[in-house]
Amino acid sequence: MSNKKITKLLKKNGLRLDNRKFDELRSIKMEIGVLEKANGSAYIEWGKNKIIAAIYGPREVHPRRLSLTDKALVRCRYHMTPFSTDERKRPAPSRREVELSKVIATAVEPIIFTEFYPRTVIDIFIEVLESDGGTRCAALTVTSLALADAGIPLKDLVAACAAGKIDGKIVLDMNGIEDQLGEADLPIAITPRNKEITLLQMDGTFTKEEFKKALNLAIEGCEKIYDIQKEALRKEYIIVKEETEKIEEE
Amino acid sequence: MSNSYGIMESIKRKKISELLKYDKRLDGRGLMDFRKIKIETGMIGTAAGSALVSLGNTKVMTGIKVETGTPFTDKPKSGVLTTNVELTPLASPNFEAGPPREKAIEMARVVDRGIREAKAIDLSKLCIDPGKLVFIVYVDIYVLNHDGNLFDAFALSAISALLNAKMKKYTVKKNGELKYGKGYIKLPVQNYPVEISIGKLDGKMIVDPSLEEEAVVDGLITIAIGKKGEICAMQKRKTGVFSVEDILLAITIAQKKAKEIRENILGELIAKNKKA
């Protein structure tokens with residue numbers, strides 16, 4: 001990305017640098033079942049973000065002492081490849097990645113029927129291949145598709161999206177430069193059916209009024225994401241259905 | 001939601017939940033009552049600033065060190081703030097020695113965001129030679145006794161230690177060289193963020209959850225509030241979920257409690273800092 005002294009994030013006509021309106025998402029593409037070895041997997045392109053998620057499990061817990069007697073352990077490793085950022089990122093997990101791994105695990109756990117699989121682990125592996133702001137939301141969104149692909153019983157999906165403040169205005173889904181130069185960032189995740197918030201982080205400065213506005217905008221964003229998720233799942237299962245019908249005919 | 005409980009936890013959860021129905025808590029506090037807060041500062045001679053905060057039986061210590069180093073390439077004219085948390089094994093039977101794990105890292109990052117986003121320290125004033133040399137402020141937080149709500153105690157000890165901190169007087173020569181003089185100056189502290197953690201159990205909200213409460217609440221959220229009541233950082237913790245109304249209520253509570261703590265408990269330190 002060229003960081004040529006950008007000072008304004010909103011153009012004179014009120015549009016953003018990438019010509020989006022304040023409440024417009026970047027273009028998003030989701031694909032399900034992209035890896036063969038994993039129990040479930042999915043891929044997402046969200047603007048320039050490219051992220052792949054894989055699920056292994058429920059399977060035996062290693063090390064054993066981490067296993068829980070009444071439910072499955074949900075464990076996540078969010079990782080960015082060294083080539084996913086402008087400057088090469090060191091491959092060892094950074095403090096940011098460790099924190100995001102933790103919040104992603106706690107944000108998806110509420111949708112999983114963990115009590116069906118005591119003494120097991122559900123491992124979530126996320127690799128960010130290219131990043132441009134909002135990777136945690138994209139990662140969380142693609143993780144819930146991978147969980148569905150793994151056939152793990154879910155109560156709902158998790159849809160995630162961020163809202164924030166750039167040049168004093170509340171906007172949806174900030175890209176890398178907006179995130180970097182903007183005044184506030186509010187990534188959230190919801191279970192869209194009953195609108196419960198499973199992830200909420202914030203940094204920057206908001207008044208309470210601004211926060212309310214941003215929260216509502218982010219929830220609207222999550223709902224749009226949910227539609228794309230459902231569409232991706234539907235597409236996948238129509239193919240599965242057609243294939244099984246073909247086999248049955250033969 | 002589905003937190004994993006041992007037998008003791010499930011008994012305690014039941015008891016705590018039953019008491020909450022009558023707006024009561026195990027240790028006799030009201031839902032919106034903090035435990036007794038005590039702050040001492042400046043007890044560590046080798047540190048630039050230090051603070052010992054007790055929140056009931058929770059005890060944490062923060063030491064500040066100021067050193068010089070190179071700035072980040074994307075912020076050549078800005079000083080650097082580094083926050084670290086160590087869960088020392090002497091503080092709890094559940095802490096182990098070793099490098100910080102995800103729990104400590106999350107805590108450090110949430111405390112760091114509160115200080116950073118509130119612009120508690122004016123980092124632009126800590127530049128010596130743009131792109132080459134700046135001051136680095138190390139905030140090292142150590143827990144001595146863990147009896148719940150470490151987040152709030154950490155944030156409080158961090159800002160107290162920063163308010164207490166002083167650095168050597170210095171001048172910058174024309175060639176960018178740094179020269180120390182005699183006497184001390186205060187760190188450029190300009191905002192006083194306070195973090196408030198709120199727990200939710202069976203629809204009831206409580207502030208300053210104790211260790212026992214922290215283990216059994218469904219949801220936890222930490223909110224950092226600046227001096228004008230602005231929201232500087234938030235972090236939802238644990239797997240329990242919140243509704244929009246819950247979050248907005250939590251913010252109102254946090255703004256009120258943060259103001260009380262800033263005025264009643266940090267007030268003296270702030271006044272002292274301003275005078276110096």
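Predicted model: local features only at pLDDT ≥ 70, side-chain atom pairs only at ≥ 80, totals over all residues.
Residues are numbered from 1 along each chain as its sequence is written, chains are lettered from A in the order in which they are written, and side-chain values use heavy atoms, with hydrogens and water left out.

View 1. B:Gln235 sits in strand β12 (residues 231–237) of chain B. Strands (E, at least two residues) and helices (H or I, at least four) are DSSP runs, numbered from the N terminus. Contact means heavy atoms within 4.5 Å. Leaving aside neighbours within four places in sequence, B:Gln235 touches residues of chain A, including A:Glu99 and A:Leu200, and residues of chain B, including B:Arg113 and B:Thr222. B:Ser17 is 218 residues from B:Gln235 in sequence and 24 Å away in space, C-alpha to C-alpha.

**View 2. Helices α2 and α4 of chain A.** Helix α2 covers residues 135–149 and helix α4 covers residues 208–249. Their axes come within 11 Å and cross at roughly 30°. Axes are lines fitted to C-alpha atoms, for helices over the stretch in contact, and angles run from 0 to 180 degrees between N-to-C directions. α2(A) and α4(A) are therefore roughly parallel (under 35 degrees; over 145 is roughly antiparallel, 65 to 115 roughly perpendicular, the rest oblique). Among the residues that meet are A:Leu145 in α2(A) and A:Leu233 in α4(A). By class, this contact of α2(A) with α4(A) has 5 nonpolar, 3 polar and 1 charged residues. Ala, Val, Leu, Ile, Met, Phe, Trp, Tyr, Cys and Pro count as nonpolar, Asp, Glu, Lys and Arg as charged, and the others, Gly among them, as polar.

**View 3. Helix α4 of chain A against helix α5 of chain B.** Helix α5(B) spans residues 244–264. α4(A) and α5(B) pack at about 160°, with axes 12 Å apart. The two helices are therefore roughly antiparallel. α4(A) brings residues including A:Phe211 and A:Leu215 to the contact, and α5(B) brings residues including B:Ile247 and B:Leu248. The contact of α4(A) with α5(B) divides into 7 nonpolar, 2 polar and 2 charged residues.
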